[in-house]
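Here's a quick briefing on how this chain is put together. Have a look at the structure, and then we'll walk through its sheets, helices and cores.

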Amino acid sequence: MPYIISIDQSTSCTKALLFNSTGDLAGRTDLPHRQLVDAKGWVEHDPEEIYGNLIKSVKLLLEKTGIQDKEIAGASLSNQRETAIVWNRDTGKPVYNAIVWQCGRGAEICERIRQSNQGNAGLIKTRTGLNLSPYFSAAKIAWILENIPEAKLLASQGKLVCSTMDCWLVYRLTREHSVKTDYSNASRTQLFNINSLTWDDDICAMFGIPLVALPEVCFSDSQFGTTDFDGILSRAVPLNGVLGDSQGALFAQGCLTGGMVKATYGTGSSVMMNTGCKPVTCPELVTSLAWGIGGTVSYVLEGNINYTGATIQWLKNDLQLITSAAESGELAEHARHVPGLYFVPAFSGLGAPYWNEHARAVVCGMDRTTGKAEFVRAAEESTAYQIADIVLRMQERTGFALTTLRTDGGPTRDTYLMQFQSDIIRSPVRVAAVEELSGMGPAIAAGSALGLYDIHSILNKPPKKEYTVKMDETLQTELYDGWKRAVRFALTY
């Protein structure tokens, strides 16, 4: 039986996943790496530690599953997006630690670009689909070029590579030492023109990044090289699938055509809509490339929320109202309805679609009968309302009617939350049957490219659970209108 080894290199750990000939997960190992955070709150990863963990995890995976290496048909890779790494093209040696997507050290660089010309921010948004922000890779790379002498020297010699994590791992893994990235990752750097599908000369110049230091951009299902995982395998196998982690999950959810939407529930949440073969811009959301597969590129609209699962952790760890995340759903299920009770978790401002860093968390509409259960229920519902804000904005902007919201992540086990989500967006909610979607997406792309998988049959397996609308439309309208009023309180605090 042929297998695909898929590497999921995430923010907290590196996983080695094994997918069998029917696309099912047959094994998993993972190893965490350190989060290097200094007094300024800057966040870094040691790339050599990550690569060492990658190789160890593959070795452990084969030992744990007992799979013979001759059964491995190919490999794939998903990665934490926006995290930036700058390295020597001749040796692969990084000139500095990887700067993690969470790190905001590039804020001054972004502000300098904004102030130098009134039109810069707009041009960047138009060409890259992204708001000028230190969140993306460009400002992180620029910081390294401005502060690390070795980077400047290598750039002057034409030996520098500036990339996201996928490219560096591809270089290290492949016998060919390929310097390649895919469309999904390139589109998250803030240096890639999503209209012309090329690195943008003007924007690279704004950030002071040499065009020649950027990798070749490839289709996500193309062959990036061959790998034996540093000799773990007795022969090299093709590395055929590379995707950023969120796009990998979108692909694994089967959101292959325009109008299909997935929401990943975690500490925060990501909502992503496939918009088809043409980019759709929206002031409140970002536009990126979903992938390039089968010779065609697809685009996405994406919105990110700061506090969803983190709100429940706040109830548990800080307020000590609950002892576990699972308890929140049970309390919400039995809480009484308090008309007008809302909680807006704007602890660090509000993300999409509001983008207001000055907003503050508010609770409104309490009466004397409001107790712990009612407060927890309002916190639970805030997640569904925030997802609805983005989904409804996507529908308005694209004209696509939502037929189903495909969901994944730990909070999808919460039956109260998922039912309320279905009710408030007035659409069925489909909970993914499989975990490890980020790693599954590129594995399926790789297996398809190698002739092992039929994408449509593998990606259309029955869901774990499906929720349908039960709430009266009049009540839904009343509740959502109340949420919008509560958000206005948070925005005008």
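## Strand partners and packing

T407 stands opposite V431, which sits in β23. Before going further, note that this is a predicted model, where local features need pLDDT of at least 70, side-chain atom pairs count only at pLDDT 80 or more, and totals for chains, interfaces and linings use all residues. Residues are numbered from 1 along each chain as its sequence is written, and side-chain values use heavy atoms, with hydrogens and water left out.

Two strands pair if DSSP finds at least two bridges between them. Axes are lines fitted to C-alpha atoms, for helices over the stretch in contact, and angles run from 0 to 180 degrees between N-to-C directions.

**The 7-strand sheet**

- β22 (residues 405-408) and β23 (residues 429-431) run parallel and are joined by 3 bridges.
- There's an open sheet of 7 strands here, ordered β18-β19-β17-β16-β22-β23-β24, and its pairing is mixed.
- At the edges stand β18 (286-293) and β24 (465-467); each has a single partner strand, so one side of each is left without a neighbour in the sheet.
- On average, neighbouring strands of this sheet are turned by 25° against each other, direction ignored.
- Helix α9 lies across β16 (261-265), β17 (269-276), β18 and β19 (296-305), at about 60° to β18.

**The 6-strand sheet**

- Another open sheet is formed by 6 strands in the order β3-β2-β1-β6-β15-β14, again with mixed pairing.
- Its edge strands, β3 (25-32) and β14 (225-227), each pair on one side only.
- Neighbouring strands of this sheet are turned by 30° against each other on average, direction ignored.
- Helix α6 (residues 165-173) packs on the sheet and touches β1, β6, β14 and β15 (237-244), with its direction making about 150° with that of β6 (contact means heavy atoms within 4.5 Å).
- Helix α9 (residues 245-252) also lies across β6 and β15, running at about 100° to β15.
- Strands β1 (residues 3-9) and β6 (residues 72-79) run parallel, with 7 bridges between them, and D8 has S78 in β6 as its bridge partner.
- β2 (residues 13-19) runs antiparallel to β3, again with 7 bridges, and L17 stands opposite R28 in β3.
- The hairpin of β2 and β3 has 5 residues between the strands, and G23 takes a positive phi near 80° there.

**Helix packing**

- The axes of α12 and helix α16 (residues 473-491) come within 11 Å and cross at roughly 90°.
- That makes α12 roughly perpendicular to α16 (the class for angles of 65 to 115 degrees).
- On the α12 side, S382, Y385, Q386, A388, D389 and L392 meet L479, Y480, W483 and K484 of α16.
- By class, this contact of α12 with α16 has 6 nonpolar, 2 polar and 2 charged residues. Ala, Val, Leu, Ile, Met, Phe, Trp, Tyr, Cys and Pro count as nonpolar, Asp, Glu, Lys and Arg as charged, and the others, Gly among them, as polar.
- α11 has E327, S328, G329, L331 and A332 as its buried residues, which pack against α10, α12 and α13 (415-425).

**Nonpolar cores**

- A nonpolar core is a set of buried Ala, Val, Leu, Ile, Met, Phe, Trp, Tyr and Cys residues joined through side-chain atoms within 4.5 Å.
- The largest one has 44 residues, and V344, L405 and I424 have the most contacts inside it.
- α12 gives the most to this core, with 7 residues.
- Not counting residues up to four places away in sequence, I424 touches A384, Y385, A388, Q476, L479 and Y480.
- Apart from this core lies another, of 40 residues, among them W143, I148, C162 and Y183.

**A buried loop residue**

- V100 has its place in the loop between β8 (98-99) and α2 (107-116), and is buried, with a relative accessible area of 0%.
- Leaving aside neighbours within four places in sequence, V100 is in contact with T11, V43, E44, H45, Q80, T83 and K140.

Technical notes: Helices (H or I, at least four residues) and strands (E, at least two) are DSSP runs, numbered from the N terminus. Angles under 35 degrees count as roughly parallel, over 145 as roughly antiparallel, 65 to 115 as roughly perpendicular and the rest as oblique. Buried means under 20% relative accessible area, exposed over 50%, partly exposed in between (1.4 Å probe, protein chains only).
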